[in-house]
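Here is a friendly walk through one model, with the sequence and the coordinates at hand. Take a look at the picture first, and then we can go through the details together.

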Amino acid sequence: MDRPRGLAFYLLAGVFALYVLFLYGPTLTILALSFQGPSGGLTFPMNGVSTHWFAKLWEGVGVVDIWAALRRSLALGLVVMALTVTIAFYAGLAFRKGFRGAGLVFALAVSSLIVPSIVVSLGIGLEFRLLDDAIKALAAATGWGFLEDHGTLMGLYTSALGAHLTWTLPFGLLIMFAVFNRFDPAYEEAARDLGASGPQTLRHVVVPILAPALVGVALFGFTLSFDELARTSQAIGGRNTLPLELQGLTTTVTTPEIYALGTMTTAVSALVIGTALGLTLWLQKRRARRAMAGLR
């Protein structure tokens, strides 16, 4: 017979319910208000239900090119994702083997999680401005005119990319450390006993086994980059990403159009997460089928 639930259970259940409401309530509120009618405002009550504000968003938000900002965020997120997965994977292999100064390298890699994001952004922005000044000084000293016209080194795939990697790489490294800590080296030994070379073992044994974890690192890399604001703010140069444009619109847009934009960005993140989870499940089923085929 089940024991009756005491007061503590209901108190904890209430706290958990409040936590879930606090976590998802704002997103659900924006989702609902984005479907306001044409005469609806920024708050409840709803004045009809329509997709009017999504149509207005499609037409453009004033002088801001939302779709160009979205393309920049997606492109930067994909590059950050690829670099995070690649660097984190090979760094995990290196730390697994061990090398001199590994502790110092690890401390330096994760230290960016401790430093405030805005400070990291300011530091990277200042560093690239100093590089610009150095190039201008070199151009003045040498007379090389092409250096004077270089503009600025700050940009989407230079300073902004570096700023985002300071945020995504530590998470990727921590995930790979946890995965490699549970990885059985007997798989690699068996592959070598069967005549596989180092690259063959890596390609046909290590990577397939770790594929779900690599998908998780990719998910972290993309979503953290796509939503990043503070580390981008001072290191982006002249072309803003979507979070920066969205921050600027919060002070100028007074219609549910901004809620439609929030719903769209949430849908993009949800699509990425769903794709990653589906790919992980597919990889796990594929691995299980291969294991069953090997036993026959």
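Is lysine 285 buried or exposed? Lysine 285 is exposed, because its relative accessible area of 55% lies over the 50% cut-off. Please keep in mind throughout that this is a predicted model.

Lysine 285 has its place in helix H12, which covers residues 257-295. On the surface, Lys285 gathers with Arg286, Arg289 and Arg290 in a patch of positive charge. If you plan to look at surface charge, that patch is a handy place to begin.

One of its members, leucine 28, sits in helix H1. Leucine 28 is exposed because its relative accessible area is 53%, where over 50% is the cut-off.

How do their accessibilities read? Phenylalanine 16 counts as exposed at 53% relative accessibility, while tyrosine 19, with a relative accessible area of 47%, is partly exposed.

## Aromatic pairs

How many aromatic pairs does the structure hold? There are 13 aromatic pairs in the structure. One of them brings us back to phenylalanine 16 and tyrosine 19: their ring centres are 6.5 Å apart and their planes meet at 35°, so the pair is tilted. The label follows because planes under 30 degrees apart would count as stacked and those over 60 as edge-to-face.

Phenylalanine 180 and phenylalanine 183 give an edge-to-face example, with 6.4 Å from centre to centre and 70° between the planes. Both phenylalanine 180 and phenylalanine 183 are buried. They also take part in a cluster, in which ring pairs link Phe89, Tyr90, Phe180, Phe183 and Tyr187.

## The salt bridge

How many salt bridges does a search of the whole structure find? The search finds 1 salt bridge. Arginine 96 forms a salt bridge with glutamate 188, and the closest N and O atoms are 2.5 Å apart. The pair links distant parts of the chain, with arginine 96 in helix H3 (residues 66-97) and glutamate 188 in helix H8 (residues 186-193), 92 residues apart.

The two partners can also be described by their accessibility. Arginine 96 counts as partly exposed at 25% relative accessibility. Glutamate 188 is buried because its relative accessible area is 9%, with under 20% as the cut-off.

## A cis peptide bond

Here is a backbone detail to check in your own viewer. Phenylalanine 44 and proline 45 are joined by a cis peptide bond, with omega at about 10°. Proline 45 lies in the loop between H1 and helix H2 (52-59).

## Distances along the chain and in space

From C-alpha to C-alpha, valine 119 and arginine 231 are 8.0 Å apart in space, although 112 residues apart in sequence.

Helix H5 also contains leucine 138, which is partly exposed with a relative accessible area of 40%. Leucine 138 and phenylalanine 177 are 39 residues apart along the chain, and their C-alpha atoms are separated by 43 Å. Back in helix H3 we find alanine 94, partly exposed with a relative accessible area of 32%. Between alanine 94 and aspartate 132, 38 residues apart along the chain, the C-alpha atoms are separated by 35 Å.

How values were computed: Residues are numbered from 1 along each chain as its sequence is written. This is a predicted model: local features need pLDDT of at least 70, side-chain atom pairs count only at pLDDT 80 or more; totals for chains, interfaces and linings use all residues. Side-chain values use heavy atoms; hydrogens and water are left out. Patches are made of residues with over 30% relative accessible area and no salt bridge: like charges are joined within 9 Å, nonpolar side chains (Val, Leu, Ile, Met, Phe, Trp, Tyr) within 5 Å. Accessible areas come from the Shrake-Rupley method with a 1.4 Å probe; for residues, only the protein chains shown count as cover. A salt bridge is a side-chain nitrogen of Lys or Arg within 4 Å of a carboxyl oxygen of Asp or Glu. Lys and Arg count as positive and Asp and Glu as negative; His and the chain ends are not counted. The place of a charge is taken as NZ of Lys, CZ of Arg, CG of Asp or CD of Glu. Helices (H or I, at least four residues) and strands (E, at least two) are DSSP runs, numbered from the N terminus. Buried means under 20% relative accessible area, exposed over 50%, partly exposed in between (1.4 Å probe, protein chains only). Rings of Phe, Tyr and Trp (its six-membered ring) pair if their centres lie within 6.5 Å; planes under 30 degrees apart count as stacked, over 60 as edge-to-face and the rest as tilted.
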